Each structure stands twice: as C-alpha cells, then as structure tokens.
Amino acid sequence: MRIGIAGIAGRMGRSVAALVPGSGATLAGGILLAGERPPDGIAVYGSIESLVAACDVLIDFTHPSAVPDHAAACAATSTAWVLGTTGLDPAEQRDVNHAADRVPVVQAANFSPGVTLLLALAAAAARILPPDTHDAEIVEMHHRQKLDAPSGTALALARAIAAARDQTDTPFADANRTGQRGREIGIASLRGGQVIGEHSVIFAAAEEQIILTHRAFDRRIFAQGAIRAAIWTQNRAPGLYSMTDVLGIATP
Ligand code: NAD
C-alpha cells in the first residue's frame with residue numbers, strides 16, 4: 001500500500017514519514033509549502049493532484065484551508081483519505097462529507113488509542129452521572145504553536161458528552177464566563193511550551209469529582225494511529241469513518 005503525506009515538513013508529517021517504512025506500507029512521498037525543507041530522502045510532489053495520483057491513501061495533517069483541494073483531489077482519483085487536520089469550519093466539513101460519498105475517509109481530531117477510549121469513557125460517564133448534579137467541564141493544554149482553540153479533541157469530547165446526555169443543543173463555553181450561570185459544558189484552553197496534548201474531563205458535583213485525564217508524551221502516538229487508519233482503509237467502502245471504527249472500540 002502506497003501512503004502519501006500532505007504537510008510532510010510539519011511536526012506531524014515528519015513523524016508519520018519516519019514511521020511508514022516500518023509499517024509494511026510504502027512511502028510514496030509528500031507535499032509541502034514553498035520554502036519548507038522536506039525530511040531527507042523523501043520524494044516531494046509539486047501538487048496535491050500529482051501526489052494522490054501516486055498513492056493509495058493520503059495522510060493529511062495540514063491546515064483547514066487545504067481541505068477543499070485535498071477533498072476534491074482524493075475524490076477525483078479514488079484515493080482514500082486519513083484526515084487529522086483540526087479547526088475545520090462548516091463548509092470545509094461539508095467538503096469532507098462529500099468526499100466520503102466517493103472514497104473511504106477516516107477523520108479524527110485525535111488518532112491515539114487512549115483518546116479514542118477517553119471519548120467512549122466520557123460518554124459512558126455522562127450517561128450514568130445525572131446532569132443536574134454532575135457538571136461536565138473540559139481542560140486542555142497544548143504547545144504554544146497550536147493554531148486552533150479549543151482543540152478538536154476537546155470539542156469532540158464536549159460533543160460526545162452532550163450527545164450522551166441528549167443535550168445536543170448545550171452550548172460549549174469558552175474561558176470567559178463572567179456573569180454566566182448556565183449549564184453549558186465549559187472548555188478551558190491553555191497554551192504554552194511544547195506540550196504535545198493534554199485533556200481532562202471533569203464531572204463536578206457538590207460532594208464529589210471524577211476526573212478522566214489523557215496525556216500524550218510523543219507525537220508518534222498520533223502518527224502510529226494515522227498509519228493504522230491508512231492501512232485499514234484498504235478495500236474499504238466509501239464512507240466517513242472514525243478511530244472508533246478503526247480500533248473497533250464499543251461504547252461501554
Ligand atoms: P505544523 O504547522 O507543524 O505542520 C503543518 C504543515 O501543513 C506545514 O508544514 C505545511 O507543510 C502544511 N500546510 C500548512 N498550510 C497548508 C495549506 N494551506 N495547504 C497545504 N499544506 C499546508 O502543524 P502540526 O502540528 O503538524 O499539525 C497539523 C494539523 O494536525 C493541525 O490542524 C493539528 O491540530 C492537527 N493534529 C491532529 C492530530 C490528530 O491526532 N488528529 C495530532 C496532532 C495534530
């Protein structure tokens with residue numbers, strides 16, 4: 001199986017490129033932005049169209065503005081797409097959904113097995129703990145270069161909790177809650193240093209607190225998950241899939 005990488009000069013692109021050779025798949029090459037240096041010994045293509053023509057699956061950790069072109073290129077060439085870019089707006093998400101009508105797409109805000117399990121655990125806790133007594137809050141921290149806030153993982157956790165409580169119209173609050181007394185799911189985003197990614201889900205009642213925490217210590221955990229997802233797309237029908245599908249994690 002030939003894997004292509006969009007954003008091959010980025011933090012995640014480099015991590016994926018380093019791990020593909022040991023995965024049983026072949027690294028077809030990648031694309032990058034003008035002025036960036038690719039990792040040594042890796043083929044660089046001039047456009048997304050030429051890269052997807054040379055691979056079976058595209059692993060994509062880039063920027064939301066790249067999504068429309070990458071969606072069109074994958075759909076036009078029947079290339080599977082593993083999409084890790086976060087911070088998509090509704091129009092970009094629609095492009096992803098349209099591509100998934102034509103090709104298998106695995107989209108995840110977080111490719112680590114631990115966070116995939118955390119999503120299921122948070123949903124289970126939200127279902128069991130009464131919403132009128134146990135408020136749900138989320139705290140996330142990432143490195144100072146991260147562009148989007150809250151993180152895609154924090155938003156995915158908030159959506160999972162809201163869905164488990166049948167509160168899909170529950171707003172997600174950002175850090176400024178001055179004067180607010182609502183029952184929204186709060187998300188606090190911290191940025192600093194080189195933190196790879198930390199997420200805590202807090203269920204706070206008057207008499208007790210339950211805190212579920214995940215900490216990533218190395219980007220390889222996301223890269224390994226993305227490569228696993230890429231190999232999983234082989235002979236898969238078109239559709240929009242998650243890491244829950246790839247890992248076969250059933251909600252407890
Ligand atoms: P980065 O800035 O180190 O690398 C991004 C790369 O994307 C750049 O090097 C560049 O080559 C490319 N790029 C940027 N803008 C582009 C554009 N308009 N068109 C084409 N290519 C473009 O960032 P990173 O830390 O590697 O993260 C990239 C994305 O992946 C972010 O959205 C981040 O939140 C997300 N991410 C997801 C996971 C996950 O598990 N799903 C894990 C880590 C990061």
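## Around the ligand

Sorted by class, the shell around the ligand is made up of 10 nonpolar, 9 polar and 4 charged residues. Keep in mind as you look at it that this is a predicted model. There are 23 residues around the ligand, and Arg11, Met12, Glu36, Thr86 and Phe111 come nearest.

## Who touches what

Let's start with the oxygen side of things. Thr86 uses its side chain here: one of its N or O atoms is 2.6 Å from an oxygen atom of the ligand.

Now for nitrogen. A nitrogen atom of the ligand has a backbone N or O atom of Asn110 at 3.5 Å. As for how well covered the ligand ends up, it exposes 850 Å² when taken alone, and the protein buries 80% of that.

## The pocket that holds it

Where does the ligand sit? You'll find it in the largest pocket, which has a volume of about 1000 Å³. This pocket is lined by 43 residues, and Met12, Phe61, Thr62, His63 and Thr85 are the closest to its centre.

H1 gives the most, with 3 residues. By class, the lining of the largest pocket divides into 17 nonpolar, 19 polar and 7 charged residues.

## A second pocket

The second largest pocket comes in at about 660 Å³. It has 27 lining residues, and the closest to its centre are Gln107, Ala109, Gly152, Ala156 and Arg159.

Helix H5 (113-128), H6, strand S11 (239-241) and helix H8 (243-247) each give two or more residues to the lining of this second pocket. Which of them has the largest share? That would be H6, with 6 residues. Class by class, the lining of the second largest pocket has 13 nonpolar, 11 polar and 3 charged residues.

Technical notes:
Residues numbered from 1 in each chain as written. Predicted model: local features only at pLDDT ≥ 70, side-chain atom pairs only at ≥ 80, totals over all residues. Heavy atoms only, no water. Near = heavy atom within 4 Å. Polar contact = N/O pair within 3.5 Å; in protein donor to acceptor, adjacent residues only side chain to side chain. Areas by Shrake-Rupley, 256 points an atom, 1.4 Å probe, with all protein chains shown as cover. 1 Å grid on protein atoms, 1.4 Å probe; cavity = no way out; pocket = protein on both sides within 12 Å on 5 of 7 lines; lining within 4 Å. Sits in = over half its atoms within 2 Å of the grid points. Nonpolar A, V, L, I, M, F, W, Y, C, P; charged D, E, K, R; others polar. Points joined across faces, edges and corners; volume = space filled by probe spheres on them. Helix = DSSP H or I, 4+ residues; strand = E, 2+ residues; numbered from the N terminus.
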